[in-house]
Amino acid sequence: MKKLKVCVYAISKNEGKFVKRFVESMKEADEIYVLDTGSTDDTVKLLKENGVVCVSKEIKPWRFDVARNESLKLVPEDTDICICVDLDEVFESGWRETLERIWQEHDINCLKYLYHWSFDEYGNPAVTFHISKIHARKGFYWNHPVHEVLTCEEGCTLKEVLTNDIVVNHYPDYTKSRSSYLPLLEMSVEEDPLDDRNMHYLGREYMYYQKWDQAIQTLHKHLTLPKATWKDERCASMRFMARCYAKKNYMEEARMWYEKAILEAPYLREGYLELAFLDYEQKKYESGYNYVKQALQIKEKSNSYINEVFAWDYHVDDLLSILAYHLGYYEEAFEAVDRALKMNPNDERLQSNYQLMKQFYTK
């Protein structure tokens, strides 16, 4: 097998705390290039001390795609494989050999790999999906001001495969502000109003900012776009609209959109569980119980960024236990809270519910 030249490239700003771990993770690469966009801490100093080629450049006005493209320019033209990463990301060891093998066996110019975006408090992957940030040196660029995507240049044919044998773990700094995302998403949608992905992201961002009416309007617009055909994302837009209606105390509209979400993607747990939570709040215990039971029939979690943590952690059995208790299904309630407590043993409310429900357990 031919030895390929593999280079990592990244952007950074005030990420000195991650430098050592980042460099250790990327040491299987031939070279590492970082474009620093204005750090005021020791990021640049630490990168250079650890053998990274680091160039400083301020990007004004700020756009993630411009920064990514500027960082890509640092990578030598004779590079065979480029890997775009962030400093808060860590490759699981042994990735280099696997990457070269897959690249040459399949004669590709892009690779989609497994990405653990978040972890629970016990270190287990919580949200996992596939991303494409490994690519050939020529024929690609980054597009969109935020939630930027790797894009083929005109005349370049995408040749991509998917692997679960290369894994990247994400350990973000949750203290960092994401306040720039909303204006950048508004810019992105203004630039390309037919882009379904960023329309969905913009609606979600409005929801995060509790701009309920704007979120509903934008998410509804997402559903009308010609390219908005991915059922998982359509389902998420419907669920988010339902959340917004519930916050506005329009419960019938909320229920309607949750039901639409379930019909759109009946293979996903999230719609069933969110409607079950709504039922619980409205004291519709039988209906909520039935929706949780339907959710539990779904055993496989898809590798999609749409996955919600609450659909696969202790919340499912927690909700089931409460609904079953209200319905007088005491043995099922205790067994469910027992499972929930094993997943989240330090939760005082679960501990209290366990003791309460244990009194009715007769097996």
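User: Hi! Before we start, what is a cavity here?
Analyst: Hi! A cavity is a set of grid points where a 1.4 Å probe fits but cannot get out. Keep in mind that this is a predicted model.

User: Got it. How many cavities of 30 Å³ or more does the search find?
Analyst: The search covers the whole structure and turns up 1 of them.

User: What volume does the largest cavity have?
Analyst: About 40 Å³.

User: And which residues line the largest cavity?
Analyst: Tyr-267, Leu-268, Arg-269, Glu-270, Ile-298, Glu-300, Lys-301, Ser-302, Asn-307 and Trp-312. Sorted by class, the lining has 4 nonpolar, 2 polar and 4 charged residues.

User: Nice. Switching to helices: how do α13 and α14 pack?
Analyst: Helix α13 covers residues 330-343 and helix α14 covers residues 348-358; their axes are 9 Å apart, at an angle of about 155°. Angles over 145 degrees count as roughly antiparallel, so α13 is roughly antiparallel to α14.

User: Which residues make that contact?
Analyst: On α13, they include Phe-334, Val-337 and Leu-341, while α14 brings in Leu-350, Tyr-354 and Met-357, among others. The classes in this contact are 8 nonpolar, 2 polar and 2 charged.

User: Is the crossing left-handed or right-handed?
Analyst: α13 passes α14 in a left-handed crossing.

User: OK, what about α7 and α8? At what angle do they cross?
Analyst: Roughly 155°, with the axes of α7 (residues 212-224) and α8 (residues 231-247) coming within 9 Å. That makes α7 roughly antiparallel to α8, and this crossing is left-handed.

User: Who's touching whom there?
Analyst: Among the contact residues are Trp-212, Ile-216 and Leu-219 of α7, and Met-238, Phe-240 and Met-241 of α8. By class, the contact has 10 nonpolar, 3 polar and 3 charged residues.

Key: Residues are numbered from 1 along each chain as its sequence is written. This is a predicted model: local features need pLDDT of at least 70, side-chain atom pairs count only at pLDDT 80 or more; totals for chains, interfaces and linings use all residues. Side-chain values use heavy atoms; hydrogens and water are left out. On a 1 Å grid over the protein atoms alone, a cavity is a set of points where a 1.4 Å probe fits but cannot get out, and a pocket is an open set with protein on both sides within 12 Å along at least five of seven lines; lining residues have an atom within 4 Å of a point. Grid points are joined across faces, edges and corners, and a volume is the space filled by probe spheres set on the points. Ala, Val, Leu, Ile, Met, Phe, Trp, Tyr, Cys and Pro count as nonpolar, Asp, Glu, Lys and Arg as charged, and the others, Gly among them, as polar. Axes are lines fitted to C-alpha atoms, for helices over the stretch in contact, and angles run from 0 to 180 degrees between N-to-C directions. Helices (H or I, at least four residues) and strands (E, at least two) are DSSP runs, numbered from the N terminus. Angles under 35 degrees count as roughly parallel, over 145 as roughly antiparallel, 65 to 115 as roughly perpendicular and the rest as oblique. A crossing is left-handed if the near helix is turned anticlockwise from the far one by less than a right angle, and right-handed if clockwise. Contact means heavy atoms within 4.5 Å.
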